[in-house]
Structures are given as C-alpha cells and as structure tokens.
Amino acid sequence: GRNLGLGFVRGVAVIQTASAAGILALVAVAEHSEEFERLMELSEKYSGFVLPCLGVHPVQVDPSGEQRSATLQDLEAALPLIEKYKERLLAIGEVGLDFTPRFASTDAQKNEQRQVLIRQIEIAKQLDLPLNVHSRSAGRPTIKLLKEQGAERVLLHAFDGKPSVAMEAVKAGFFFSIPPSIIRSEQKQKLVKQLPLESMCLETDSPALGPVKQVRNEPKNVLVSCQYIAQVKGIPVEKVMEVTTQNAFRLFPKLQKLMRL
C-alpha cells in the first residue's frame, strides 16, 4: 500500500498492474498526516479498489527527510483528518511501536510512542474499526499493550518477533499478515510454520518486503506469500487463498461493503 509519495503516474501503473493480476482490492495504509489527503483522493479515484486506512506510524519523517520517533504532536495533526474521513476508512493504520534503537533509544521516546498507540486504539474502538499494526523490534510490548487496552480486531503486519510471542497474539484472536519477503526470511518461515492458517492474512507491504531484496515490491506479489504458505503447510494454494480471504473479511468487516462485489 505505500505507493503514495512516489508520484501519481507510478501509483496508477501499480494499481493497474495489480488489477490485471486479478487482485480484487488494495488495502492502502498511510503513515503520517501529510499523506492522508493524497490517499483519500486515490481511494476516491479508484473507489472500491483502493481501500484507505489512516493512522500515525511510530516512525515519522521530518521535512528534511530525517526519520524519528512519533510524538503526540504528530497525532494531533492527524486527528481532524481521521475525523473528517472516518466513514470511508477500512481501518486505523498504520499504527504501533518501533523500538529500533536509531528511532527510539530512550524511555521517553518509547513511552510517547505508547501514548500515540493508546490514543489510536481508543479511536479504533470509538469508530468500530480494526487496527493495522507495525511492531518492529517491539513484538512483545506491542502485543501486551494491545491486550491491556482491549483492542479487538488487530492485524500484526510483517511481525518480526519469535513464534512463541506470536502465539500470545493468536490466543487473543489477532491476525498476522505475511509478506513476500518470507522466501528470504528465516524468521518469517519459522513464524508461518507455527501460526494456524486461521490466523493469517496475506500482504505485500509494497514497496518494501518484496521477494528480492532491494527490488521494489508490488501488490501483485501477494501470490508469492500465498504459494510459500501453501508449501510450508503442505496444502493447496486455493485453500490458502480461501482461508486468508475469509480471515480478511472477519478482520475487516467493511471489506465486502467497500469492495465492488
């Protein structure tokens, strides 16, 4: 979903390629408030195909292009736009925690990220929307916080933690989405071995986490995740498609309403 800052022409090409590949809908996820209007325009232009999620990501980008830990001011800037577009949203996201040392090295930064996430869990509850969650280098604290705050419909995307930690989230009824980078990630391969199919969705996280490192990823590569999961679980690709689609409908109740079905 992150085709937003890369120019409209390329965005259109990505959308058309995805559609031609038989993809029924793109869940498009914003990370900071400057992207929100642009994403909503795209979702209007491709109504029923580009399905928008708005949220404040734990890593933000300064005007200079420097990445830094999210603050409550970042959230304040986003709140009026989330309110403005709330009826059209599929989910609140991308939200979460990122304790990568270069972004969050102090307790103060980590605590502020937690506050930003708690507020967005509250917003998701108020709007009855699911959460699309990032948890890099913070798997256990993210799951703990989500459970403490009573978050219900949760998608943990590109989860980088241990399978034992992931199983705590499975018990809570959370879902995990698996990107095409699984074919080169031992951690994700171990995760998929452990996770029940009933807890998995498919994702690409475009333009990152593609099957080939440093090569721009596209939504059509979702099939790579699907095929790999089928191989690991020893089941037909069709079964993976069917179950992960049903999981997505359970996770995102508005999906069928927003899609052109």
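## An aromatic pair

Rings of Phe, Tyr and Trp pair if their centres lie within 6.5 Å. In this predicted model, the structure holds 1 aromatic pair. The ring centres of Phe159 and Phe176 are 5.2 Å apart and their planes stand at 85°, so the pair is edge-to-face. The cut-off for that label is an angle over 60 degrees.

Where do Phe159 and Phe176 lie? Phe159 is in the loop between strand S7 (154-157) and helix H6 (163-171), and Phe176 is in strand S8 (residues 175-178). The pair therefore ties together parts that are 17 residues apart in sequence. Phe159 and Phe176 are both buried.

Another ring has a charged neighbour. Lys110 lies over the face of Phe99. The distance from the ring centre is 5.1 Å.

## The chain as a whole

The chain has 10 helices and 9 strands. Its C-alpha trace spans about 45 × 40 × 35 Å along the principal axes. Of its 261 residues, 53% count as buried.

How does the radius of gyration fit a compact globule? For 261 residues, such a globule would have a value near 18 Å. The chain has 17 Å, which agrees.

Strand S6 (residues 131-134) and S7 run parallel, joined by 3 bridges. Leu131 stands opposite Val154 in S7.

The bridge partner of His157 in S8 is Ser177. From S7 the chain crosses through H6 to S8, and this β-α-β crossover is right-handed.

Are the faces of S7 covered or open? Both are covered. Val154 and Leu156 are buried on one side, and Leu155 and His157 are buried on the other. In a regular strand, side chains alternate between the two faces of the sheet.

## Strands S1 and S2

Strand S1 (residues 26-29) pairs with strand S2 (residues 50-54). The sense is parallel, over 4 bridges. Leu26 has Val50 as its bridge partner in S2. With helix H2 (residues 36-45), S1 and S2 make a right-handed β-α-β unit.

Leu42 has its place in helix H2. Its relative accessible area is 6%, so Leu42 is buried; the cut-off is under 20%. The C-alpha atoms of Leu42 and Pro52 are separated by 8.7 Å. Along the chain, Leu42 and Pro52 are 10 residues apart.

## Cysteines

How many disulfides does the structure hold? It holds 0. A disulfide is a covalent bond between the sulfur atoms of two cysteines.

Cys53 is in no disulfide. The nearest cysteine sulfur to Cys53 belongs to Cys201 and is 12 Å away. The cut-off for a disulfide is 2.5 Å. Cys201 is in no disulfide either; for Cys201, the nearest cysteine sulfur is that of Cys226, 12 Å away.

Are Cys53 and Cys201 buried or exposed? Cys53 has 0% relative accessibility, so Cys53 counts as buried. Cys201 has 5% relative accessibility and also counts as buried.

## Helix H8

Helix H8 covers residues 222-233 and includes Gln227. The relative accessible area of Gln227 is 42%, so Gln227 is partly exposed. Gln227 and Arg153 are 74 residues apart in sequence. In space, their C-alpha atoms are 26 Å apart.

Leu223 is found in helix H8 too. At 36% relative accessibility, Leu223 counts as partly exposed. Leu223 and Glu203 are 20 residues apart along the chain, and their C-alpha atoms are separated by 9.2 Å.

Terms used:
Residues numbered from 1 in each chain as written. Predicted model: local features only at pLDDT ≥ 70, side-chain atom pairs only at ≥ 80, totals over all residues. Heavy atoms only, no water. Pairing = 2+ DSSP bridges. Helix = DSSP H or I, 4+ residues; strand = E, 2+ residues; numbered from the N terminus. Right-handed = clockwise from strand over helix to strand, strands pointing away. Phe/Tyr/Trp six-rings, centres within 6.5 Å; stacked < 30°, edge-to-face > 60°. Buried < 20%, exposed > 50% of the residue type's maximum accessible area, 1.4 Å probe, protein only. Lys NZ or Arg CZ within 6 Å of the ring centre and 35° of its normal. Rg over C-alpha atoms; globule rule 2.2 N^0.38 Å.
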